[in-house]
Amino acid sequence: MKTQRPITSDGEHRVLQFRPRTASSPSVQRGSGTVQPLHATSEPLDLSRYEQPRTEPDNYRHRMLANIAALAFTIALTAIGIWLAVSIADLRRTQDCVLMGRRDCVKITTPHI
């Protein structure tokens, strides 16, 4: 089999010169705009400027009850999903058995005496 290679021109490939970053780099003119270098801030970054005073104290008990309710709902939803998947698989298995023409497809359970 003959492989085809795309025709490339020399204008498609460029080698960029590596310039290491320095502490004070001048602004660079690119296209129609000027790119300014990033300036490091002297103050440490923290989240205190986003804090807002609370009008009422935090209700820890209510928050924990809401978390427990959400966890119980998630567990119940997962259990229902697993039960549904198992029952659908069992129905599909029984239906496949019946469609093959077999007669002993239904499971008969007998009580233990």
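**Close-up views of a predicted chain**

**View 1. Helix 1 along its length.** With 40 residues, helix 1 reaches 58 Å from its first C-alpha to its last, close to the 58 Å expected at 1.5 Å a residue. That expected span is 1.5 Å times one less than the number of residues in the helix. Helices here are DSSP runs of H or I with at least four residues, strands are runs of E with at least two, and both are numbered from the N terminus. Helix 1 is followed by Gly 101, which has a positive phi near 95°.

A few notes before the other views: this is a predicted model, in which local features need pLDDT of at least 70, side-chain atom pairs count only at pLDDT 80 or more, and totals for chains, interfaces and linings use all residues. Residues are numbered from 1 along each chain as its sequence is written, and side-chain values use heavy atoms, with hydrogens and water left out.

**View 2. The whole chain and its confidence.** Among the elements, helix 1 has the highest mean pLDDT, 95, while strand 1 (residues 28-30) has the lowest, 58. Where pLDDT is low, the predicted coordinates should not be read in detail.

**View 3. The surface of the chain.** Of the 113 residues, 2% count as buried. Buried means under 20% relative accessible area, exposed means over 50%, and partly exposed lies in between (1.4 Å probe, protein chains only).

View 4. Ile 80, Trp 83, Leu 84 and Ile 88 make a nonpolar surface patch of about 450 Å². Patches are made of residues with over 30% relative accessible area and no salt bridge; like charges are joined within 9 Å, and nonpolar side chains (Val, Leu, Ile, Met, Phe, Trp, Tyr) within 5 Å. Leu 84 sits in helix 1 (residues 60-99), and it counts as partly exposed because its relative accessibility is 42%.

**View 5. The salt bridge of Asp 90 and Arg 93.** Three salt bridges turn up in the whole structure, each defined as a side-chain nitrogen of Lys or Arg within 4 Å of a carboxyl oxygen of Asp or Glu. In this one, the closest N and O atoms of Asp 90 and Arg 93 are 3.5 Å apart. The two residues are three apart in helix 1, so about one helical turn separates them. Asp 90 is partly exposed, at 31% relative accessibility.

View 6. The side chains of Arg 63 and Asp 58 meet in a salt bridge at 3.5 Å, N to O. Arg 63 is partly exposed at 40% relative accessibility, and Asp 58 is partly exposed at 45%. Arg 102 pairs with Asp 104 in a salt bridge at 3.7 Å, N to O. Here Arg 102 is partly exposed at 46%, whereas Asp 104 is exposed at 55%.

**View 7. The disulfide of Cys 97 and Cys 105.** One disulfide, a pair of cysteine sulfur atoms within 2.5 Å, is found in the whole structure. It joins Cys 97 and Cys 105, whose sulfur atoms are 2.1 Å apart. The torsion about their S-S bond is about -80°, so this disulfide is left-handed. Both Cys 97 and Cys 105 are buried.

Conventions:
Areas by Shrake-Rupley, 256 points an atom, 1.4 Å probe, with all protein chains shown as cover. pLDDT = per-residue confidence, 0-100.
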